[in-house]
Amino acid sequence: MTSKSLQAFNGSILVSEDNSDSRAEEVPEMGAPTTKPKGDGGNSQTPPEPESSLKSKVEALQQTLERHRGECQLVLLQDFPDPDALASAWAYQLIAKQYKIQCEIVYGGTLSHQENIALVKLTNLPAKRWGSQTLKDKDLSNYSGCVLIDSQGTTCRLMPLVQQAKIPVTVVIDHHSTQTDLKPEFADIRPSARATATILTQYLQAGLLKLDSGVGEHVKCATALMHGLRSDTNRLMQAQEEDFLAAGYLSRFYDAQLLNAVLQAYRSKRVMDVIERSLTNRLVQNNFSIAGVGFLRYDDRDAIPQAADFLVTEENVHTAVVYGIVHDEGEDVEVVIGSLRTTKITLDPDEFIKEAFGQDSQGRFFGGGRMMAGGFEIPIGFLCGFNENSEFAKKKWELFDNQIKQKLLRLISPKDNLLHQDNKR
């Protein structure tokens, strides 16, 4: 990496605030297994992927793409795609293009985090939202295969529709733990990897696509990959050797000014209001900060992880959990959505959230996470709606607020499981 690139790299990446919804998946990884390899709380460094293993994966992906030359594929992202997912999907699209494969990148939820909106707009990143009406009018028979990037379908509302259309899963590339047996033709699932963007960058380095700094689309994709890598490694503070090597490669192509413009996106007034609510409502106990923020619009969902990012910076707080009831008017459903942020390396967000909230009737966990972050979604079901009645809405919120707090405090203060409002500040 040249000194000029390093200076731009440090200025654009290391000093900027982290994109909240890119860690853990701000959306929970539903259906993930309860057990996982034990370590030292995330403080160790995993060795980079062996060269022979990476080479075999690249060759296998090449063969898979060659078998599907000239076809159309549907690239599915999680409902609330983060920079890692968006950038990695774009990189896959460009790689597949070398084999005359047309890819359409889609997600079923929304982009509400200001950095994600800026990333898509400033780079013209080709990701589209498929709402209910789009799905009604869409002929899925045109697609010969489905591709899952930074996801295994458990956090994508479009996945059941793809399965109903009998579209086979062709490729899965992800860095979360294995969640379900999809039986794809090609799978590269690396829980040891810090970012899916790192995996895709390794494909680029291996020659699946030769980046050219003179091609605007390549420069923008490299910039998006740098952002995705940075976001999922907490501004590279949790990066491993392979992440730094990937960043070094991308430094030859990315646009530092463009990345800085993405990172300088301002918080909306609604996001600031939610952060203010979290400050007002927080309960601090045993170095945990817990805050319910009430009812939120679907488009403001990403304000929850941003509030958690803010609360965890408070003195004497090592872990913050923020949650609220989000109403999706398009699908007419309500869910309790929450985010966890921690600076305590011995706290495993995945285990903590799964133990706190458990599973649904089908055995799927309501949430999960990975290093330093996690998230959860709990459907409200029968109690959905009727929030125009202020008295009913108030009682409903109090019910869910108290229940969430009780489940969290059962782990935070196992000897004192009752809510103490005098601890609220």
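A nonpolar core is taken here as a set of buried Ala, Val, Leu, Ile, Met, Phe, Trp, Tyr and Cys residues joined through side-chain atoms within 4.5 Å. In the predicted model, the largest such core comprises 60 residues, of which Tyr 92, Ile 173, Tyr 203 and Leu 225 touch the most other members. Helix 3 gives the most to this core, contributing ten residues. A second, separate core holds 23 residues, including Leu 283, Phe 357, Trp 397 and Leu 408. In soluble globular proteins, nonpolar side chains tend to be buried together.

With residues up to four places away in sequence left out of the count, Leu 225 touches Ala 87, Ser 88, Ala 91, Ala 197, Leu 200, Thr 201, Leu 204 and Leu 250.

Helix 3, which spans residues 83-97, is also part of a right-handed β-α-β unit together with strand 1 and strand 2. Strand 1 (residues 72-76) and strand 2 run parallel and are joined by five bridges; in this pairing, Leu 76 stands opposite Val 106 of strand 2. Strand 2 pairs as well with strand 3 (residues 127-129), again in the parallel sense, over three bridges, and here Ile 105 is placed opposite Ala 127 of strand 3. Strand 2 itself, covering residues 102-107, is mostly covered, with five of its six residues buried.

Helix 13 (residues 349-357) is largely enclosed by the rest of the structure, because seven of its nine residues are buried. These are Pro 349, Asp 350, Phe 352, Ile 353, Lys 354, Ala 356 and Phe 357; Phe 357 is also a member of the second core. The buried residues of the helix pack against strand 8 (288-297), strand 10 (333-342), strand 11 (367-370), strand 12 (373-379) and helix 14 (390-412). At the N-terminal end, helix 13 is capped by Asp 348, a side-chain oxygen of which lies 2.9 Å from the backbone nitrogen of Asp 350. Just after the helix, Gly 358 adopts a positive phi of about 70°.

Strand 10, one of the elements against which helix 13 packs, contains Glu 334. The relative accessible area of Glu 334 is 2%, so this residue is classed as buried, the cut-off being under 20%. The side chain of Glu 334 makes a polar contact with that of Lys 396, at 2.8 Å.

Terms used. Residues numbered from 1 in each chain as written. Predicted model: local features only at pLDDT ≥ 70, side-chain atom pairs only at ≥ 80, totals over all residues. Heavy atoms only, no water. Buried < 20%, exposed > 50% of the residue type's maximum accessible area, 1.4 Å probe, protein only. Helix = DSSP H or I, 4+ residues; strand = E, 2+ residues; numbered from the N terminus. Pairing = 2+ DSSP bridges. Right-handed = clockwise from strand over helix to strand, strands pointing away. Contact = heavy atoms within 4.5 Å. Polar contact = N/O pair within 3.5 Å; in protein donor to acceptor, adjacent residues only side chain to side chain.
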